[in-house]
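This report describes the fold, the packing and selected contacts of one protein chain. Please consult the sequence and the coordinates alongside the text.

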Amino acid sequence: MIEATVAVPVLAIDGPGGAGKGTVSRLLAAALGWHYLDSGALYRILALAATRHGVGLEDEAGVAALAPGLDIRFGTGDDDSVWLDGEEVSAQIRHESAGTMASVVAALPAVRQALLLRQRAFRQAPGLVADGRDMGTVVFTDARQKVFLTASAQERADRRYKQLIAKGIDVNIGDLLADINARDARDSNRAIAPLRPAEDATVIDTTRLSIPEVVAQILALVTENGAGVS
Ligand code: C5P
């Protein structure tokens, strides 16, 4: 018997922190009516869980062992809340220090392996917009469309500053730029799944583009590629 299996389409959006991936990916998911995976939140939650369980962030086996058992829930649509074991942790995981802790656990191969299946489970009909660092290079190598969003470090620091201040989180712009540079270096130089565009990704520099312009460019790519046509 020949089975016609049509894979659920994935739109992979990768790039460094602050390039606009989160906002753009949510808008794309809403426009396409697809699910959304915030893979960075999984690494942030795992790092938070490790500190809560007294597991050191460099303890590869210890952190990886926590991953399968965590009860992680995401709000849907406009609700961007994140829950860990029944407690809302949205503000805690969005803090800059949570991002830095996430990039420490994210450099551990066993941790990345432990989160792989959890990420792939988000691939559900009618489609998935997957936001992260290695969506196109590792997690969804067969994604129908791959985009790598980037922007200058200064621009990303400015954007992150405005986002965090708007959320009532107090930060210093100089510290933010230093954190962004350190995190970029750790993410780009790690041995496993380093941050880089997939060979078949379209690279978009968002430094001088508005959010609607970026969304429109990507929607045009998706439609050209047939991923948005049902
Ligand atoms: O995207 P976000 O800033 O939430 O990601 C936090 C950290 O998690 C990143 O700096 C990176 O180290 C790690 N990460 C990753 N792979 C992903 C998503 C995030 O290594 N797919």
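Which residue in strand 5 does Trp83 stand opposite? The residue opposite Trp83 is Glu88.

The model is predicted, with local features requiring pLDDT of at least 70 and side-chain atom pairs counted only at pLDDT 80 or more, while totals for chains, interfaces and linings use all residues. Residues are numbered from 1 along each chain as its sequence is written, and side-chain values use heavy atoms, with hydrogens and water left out.

**The antiparallel sheet**

Helices (H or I, at least four residues) and strands (E, at least two) are DSSP runs numbered from the N terminus. Three strands form an open sheet in the order 3-4-5, with antiparallel pairing; strands pair if DSSP finds at least two bridges between them. Strand 3 (72–74) and strand 5 (87–88) are at the edges and have a single partner strand each, so one side of each lacks a neighbour in the sheet. Two bridges link strand 4 and strand 5 in the antiparallel sense. Helix 2 lies across strand 3, strand 4 and strand 5, at about 35° to strand 4; such angles run from 0 to 180 degrees between N-to-C directions, with axes fitted to C-alpha atoms, for helices over the stretch in contact.

Buried denotes under 20% relative accessible area, exposed over 50%, and partly exposed the range in between (1.4 Å probe, protein chains only). Val10, Ala12 and Asp14 are on one side of strand 1, and Leu11 and Ile13 are on the other.

| Partner of strand 1 | Bridges | Facing residues |
|---|---|---|
| Strand 6 | Five, parallel | Ile13 and Asp131 |
| Strand 7 (residues 145–150) | Four, parallel | Ala12 and Lys146 |

Asp134 lies in the loop between strand 6 and helix 7 and, at 3% relative accessibility, counts as buried. Its contacts (heavy atoms within 4.5 Å) are with Asp14, Arg112, Val139 and Ala193, leaving aside residues up to four places away in sequence.

**Nonpolar cores**

A nonpolar core is a set of buried Ala, Val, Leu, Ile, Met, Phe, Trp, Tyr and Cys residues joined through side-chain atoms within 4.5 Å. The largest has 38 residues, of which Leu46, Val111 and Phe140 touch the most other members. Elements giving two or more residues to this core include strand 1 (10–14), helix 2 (39–52), helix 6 (109–120) and strand 6 (128–132). Helix 2 supplies the largest share, nine residues. Val111 touches Tyr43, Leu46, Glu60, Val63, Ala64 and Val105, not counting residues up to four places away in sequence. A second, separate core of 17 residues includes Ala19, Val129, Val147 and Val215.

**The aromatic pair**

The structure holds one aromatic pair, the criterion being ring centres within 6.5 Å for Phe, Tyr and Trp (its six-membered ring), with planes under 30 degrees apart counted as stacked, over 60 as edge-to-face and the rest as tilted. The ring centres of Phe74 and Phe122 are 5.9 Å apart and the planes are at 65°, so the pair is edge-to-face. Phe74 belongs to strand 3 and Phe122 to the loop between helix 6 and strand 6, so the pair ties together parts 48 residues apart in sequence. Phe74 counts as partly exposed at 25% relative accessibility, and Phe122 as partly exposed at 23%.
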